[in-house]
Amino acid sequence: MIEIAIVAVKSALLLFILLTACAYMTLLERRLLGKFQVRYGPNRVGPFGLLQPLADGLKLVFKESFMPAHVDVIVYWLAPAISMVTALFVYAVIPFGPEVMLFGQRVPLRLADVNVGILLVLATSSVGVYGIILGGWSSNNKYSLLGSLRSSAQLISYELALGLAVISVVLTAGSLSLVSIVEAQRRVWFVALQPLGFLIFLIAAVAETNRAPFDLPEAEQELIAGYQTEYGGFKFAMFYIGEYVAIVTMSALLTTLFWGGWWGPVLPGPVWFVLKTLAFVFVFIWLRATLPRVRHDQLMALGWKVLIPLGLLNLVVTAVIVVLRGT
Amino acid sequence: MGELAAFMILSLVTLIPAVVVVTSSNIVRAALSLVPTFLGVTGLYVMLQAEFVAGIQVLIYAGAITVLILFVIMLTEGGTGVRTRQLNDQVPLGAMAAVWLAFVLIVIFTRTGWPTAAGVLPAYNVVAVGNAFLSDYVLIFEVTSVVLLVSLVGAIVIARRED
């Protein structure tokens, strides 16, 4: 009974932290973009603009909930929900720290240690594609449909590169469980053993989250806003939450798979985990401020002709080394 | 008891959308209904403690194959038609085949002596699956790879012919 209570409390806390973090990521992104472009960014609502996310959230909640003509009603409502739920679901298996003693109970800082954890993360993100493809199709708008087709083509292509980088890590650690993968990095972090894998994962992660320079699905100049053109109010917010949670997820995965998860000197584990994740969130924003958008054919060529062959090569080399080391 | 209830619920989750797949006149909804069906089967795999197969089921079937089906529908001109007939003149013939198949399956299921004692699960399924593929079932594994390679080459040939 007490175990169920612990899991329930942890889930509620995690959801609260994630949703708040997402809201403040929008502020962080806008402020940082302002700094990069030598302007102020939003700084009027509250001290340093800290109440801006709250104001944005309230505005979105109280917006009229409209629906364009001739939409597929069920699918139109379902799409943003799929986007948000799949993005949040991943956190069931990501470990934030080692076991700690709290109020006389041993509390592991994770929701579940599934022994196919990383597979679950990949599977969930592959289901998340439906949010985008269905949102674009059901809105009955050709820009939306084009945006969603581009986006899903991109997601499917880069999922392969992402998967190949992950398999190399799994081979190195000898386990699919995220907890064991972090445990295996006690002495040396995998970024040292898998530098190529890390680079492939980083590029694929940026593409997976539809972020600049790979943000073609929502290229404003040609597609308005892509799959979310016909969405407003809180449904639009759900797409946004899904997108920002995905950025945090990818940063957390980069930390977990390559940068030693909760390991680090002096500071306690969870603090290290949060710091490393935040560093990667910063990298995502930094990339957006620095790089121009690529063309769609360049994007596809990079995915299929560069990242996937490199990923395969990395996988073969890793497999050979693992076998040689074993004998 | 809980296991039976879970099995019943998962079966319904699998079967009800499966009926929608073959009856819906809206072809996108029909294709979309495949997703809960696949997820229901995933639930059954989890109940059998085959987590690896469950993960792969979601990744491949729910995540990749259905997306490709949706892609093909959406890229076909007039493909997203709302009133597509799913039936043609061969309904009686199809019904006869279905009844015959059901009869044969029921006879097989009732005549077979199923082992009721539970086997022992390996501690870590993924290793067991890998070992099985590369020892007892290596021939099947290799033949499957060749089939996949052939279809890959075939897809490239078809795509090249157009330009």
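Author: Helices here are DSSP runs of H or I with at least four residues, and they are numbered from the N terminus. The model is a predicted one.

Reader: In which helix of chain A is Thr255(A) found?
Author: Helix 10 of chain A covers residues 233–258.

Reader: Is Thr255(A) buried or exposed?
Author: A residue counts as buried under 20% relative accessible area and as exposed over 50%. Thr255(A) has a relative accessibility of 0%, so the class is buried.

Reader: Which residues is Thr255(A) in contact with, leaving aside its neighbours within four places in sequence?
Author: Contact means heavy atoms within 4.5 Å. With the neighbours within four places set aside, the partners of Thr255(A) are Gly260(A), Gly261(A), Phe273(A), Lys276(A), Thr277(A) and Phe280(A).

Reader: How many helices and strands does chain A have, and in what order do they run?
Author: The secondary structure of chain A comes to 12 helices and 2 strands. Read from the N terminus, the order is α-α-α-β-β-α-α-α-α-α-α-α-α-α.

Reader: What is the radius of gyration of chain A, and what does the globule rule give?
Author: Chain A has 327 residues, and the rule gives 20 Å for that length. The value for the chain is close to this, so chain A is as compact as a globular protein of that length, with a radius of gyration of 20 Å.

Reader: How many helices and strands are there in chain B?
Author: From the N terminus on, the elements of chain B read α-α-α-α-α-α-α. The count is 7 helices and 0 strands.

Reader: What radius of gyration does chain B have, against that of a compact globule of 163 residues?
Author: The C-alpha trace of chain B spans about 55 × 40 × 30 Å along its principal axes. A compact globule of 163 residues would have a radius of gyration near 15 Å, but that of chain B is 20 Å.

Reader: How far apart are the centres of the positive and negative side chains in chain A, and how far apart are the mean positions of the charges in chain B?
Author: Chain A has 22 positive and 17 negative side chains, and the centres of the two sets are 8 Å apart. Chain B has 6 positive and 8 negative charges, and their mean positions are separated by 14 Å.

Reader: Which residues of chain B does UniProt annotate as "transmembrane region", and how much of residues 137–159 is helix?
Author: The unreviewed UniProt entry gives residues 6–23, 30–48, 54–76, 97–117 and 137–159 of chain B. The end C-alpha atoms of residues 97–117 lie 35 Å apart, and that span is 71% helix. For residues 137–159, the end C-alpha atoms are 33 Å apart and the helix content is 96%.

Reader: Where is Pro95(A), and how far in space is it from Val182(A)?
Author: Pro95(A) sits in the loop between helix 3 (73–89) and strand 1 (99–102) of chain A. Its relative accessibility is 1%, so Pro95(A) counts as buried. Pro95(A) and Val182(A) are 87 residues apart in sequence, and their C-alpha to C-alpha distance is 8.4 Å.

Reader: What is phi of Val38(A), and what is that of Gln49(B)?
Author: Most residues other than glycine have a negative phi. Val38(A), in the loop between helix 1 (2–36) and helix 2 (52–62) of chain A, is exposed at 76% relative accessible area and has a positive phi near 50 degrees. Gln49(B), in the loop between helix 3 (34–47) and helix 4 (51–75) of chain B, is partly exposed at 44%. Gln49(B) is not a glycine either, and its phi is positive, at about 60 degrees.

Terms used
Residues numbered from 1 in each chain as written. Chains lettered and ligands numbered in written order. Predicted model: local features only at pLDDT ≥ 70, side-chain atom pairs only at ≥ 80, totals over all residues. Heavy atoms only, no water. Rg over C-alpha atoms; globule rule 2.2 N^0.38 Å. Lys, Arg positive; Asp, Glu negative; His and termini not counted. Charge placed at Lys NZ, Arg CZ, Asp CG, Glu CD. Buried < 20%, exposed > 50% of the residue type's maximum accessible area, 1.4 Å probe, protein only. UniProt positions renumbered as here; feature names shortened; annotations may be inferred.
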